[in-house]
Amino acid sequence: TLLSDFLRQTQLRDTAVIVNEAGEIGIDGVLVSEDQDALDLRMLANGCVCCSLRSSLVTTVADLLDAPRPPGSLELRRVILETSGLSRPGPILASLADPELSKRGLRVSVISTLDAQLGGLRAEQFEDAAAQLAAAQKIVLTKIDLVDDVTLEERVRQAQALNPLAEIVSGRDRAAVVDRAF
């Protein structure tokens, strides 16, 4: 939802999106691309981008950077990799440090989300969620509309405790949160 909100309110002429689809049906890619005719969308399917698709990620990013831009388009400034919450950032960051990509001087940012309604880290997702939050430069609280101010303040404190170096992005103004996140 955060990415979809960003794409709806932003001119996409300088943005490409890579969606990692782990399932057989590309649900996330469909949701991201709805009403986004101008979006340069690439799908990585049949596996987790941090494991089996590592070389595909390098190739896909390089292809996006090298592809001729459509007439009237701006130079590609941003490539967003949407991992569908499945991956650990370490292997992805290692892929982006591949010599094919590192020579291009890419600036990489990790943005992770934290569900304000559920909060915390649950046992079944602990390792992946902890890795994502620990690597994040920004932690964006989601589902803020479903919690009261006291709970929201508690979630902000939880996020700060999980990664004291990350910028915590939170607030009731959805458009402002989306702008700060990206």
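Which residues of H1 are buried?

Author: A word on the basis comes before the answer. This is a predicted model, in which local features need pLDDT of at least 70 and side-chain atom pairs count only at pLDDT 80 or more, while totals for chains, interfaces and linings use all residues. Numbering starts from 1 along each chain as its sequence is written, and side-chain values use heavy atoms, leaving out hydrogens and water.

In H1, the buried residues are Leu 2, Leu 3, Ser 4, Asp 5, Phe 6 and Leu 7. Buried means under 20% relative accessible area; exposed means over 50%; partly exposed lies in between (1.4 Å probe, protein chains only). Helix H1 covers residues 2-9, and six of its eight residues are buried. Helices (H or I, at least four residues) and strands (E, at least two) are DSSP runs, numbered from the N terminus.

What touches this helix? Arg 174 is in contact with Leu 2 and Asp 5, and with Thr 1 as well, not counting residues up to four places away in sequence. Contact means heavy atoms within 4.5 Å. Arg 174 sits in helix H8. At a relative accessible area of 35%, Arg 174 is partly exposed. Asp 145 lies 29 residues from Arg 174 along the chain, yet their C-alpha atoms are 9.2 Å apart.

Three strands, in the order E4-E5-E6, form an open sheet with parallel pairing. Strand E4 (111-115) and strand E6 (167-169) are the edges, and each pairs on one side only. Neighbouring strands here are turned by 25° against each other on average, direction ignored. Two strands pair if DSSP finds at least two bridges between them. E4 and E5 have five parallel bridges. Asp 115 has Thr 142 in E5 as its bridge partner. Strand E5 (residues 138-142) and E6 are joined in the parallel sense by three bridges. There, Lys 138 stands opposite Glu 167 in E6. Helix H8 (residues 174-181) packs on this sheet and touches E4, E5 and E6; its direction makes about 150° with that of E6. Axes are lines fitted to C-alpha atoms, for helices over the stretch in contact, and angles run from 0 to 180 degrees between N-to-C directions.

E5 is mostly covered as well, with four of its five residues buried. The loop between E5 and H7 holds Lys 143. Most residues other than glycine have a negative phi. Lys 143 is not a glycine, but has a positive phi of about 60°. Its relative accessibility is 39%, so Lys 143 counts as partly exposed.

Now the cores. A nonpolar core is a set of buried Ala, Val, Leu, Ile, Met, Phe, Trp, Tyr and Cys residues joined through side-chain atoms within 4.5 Å. In the largest one, of 13 residues, those touching the most other members include Leu 114, Ile 139, Leu 141 and Ile 168. E5 and helix H7 (149-162) are the elements that give two or more residues to this core. Ile 168 is in contact with Ile 139, Leu 141, Val 156, Ala 159, Gln 160 and Arg 180, leaving aside neighbours within four places in sequence. A second, separate core has 12 residues, among them Leu 3, Val 19, Val 169 and Val 178. Leu 3 is also one of the buried residues of H1.

Last, the whole chain. Its secondary structure comes to eight helices and six strands. Of its 182 residues, 37% count as buried. Among contacts with a separation of 6 or more, 72% join residues 24 or more positions apart.
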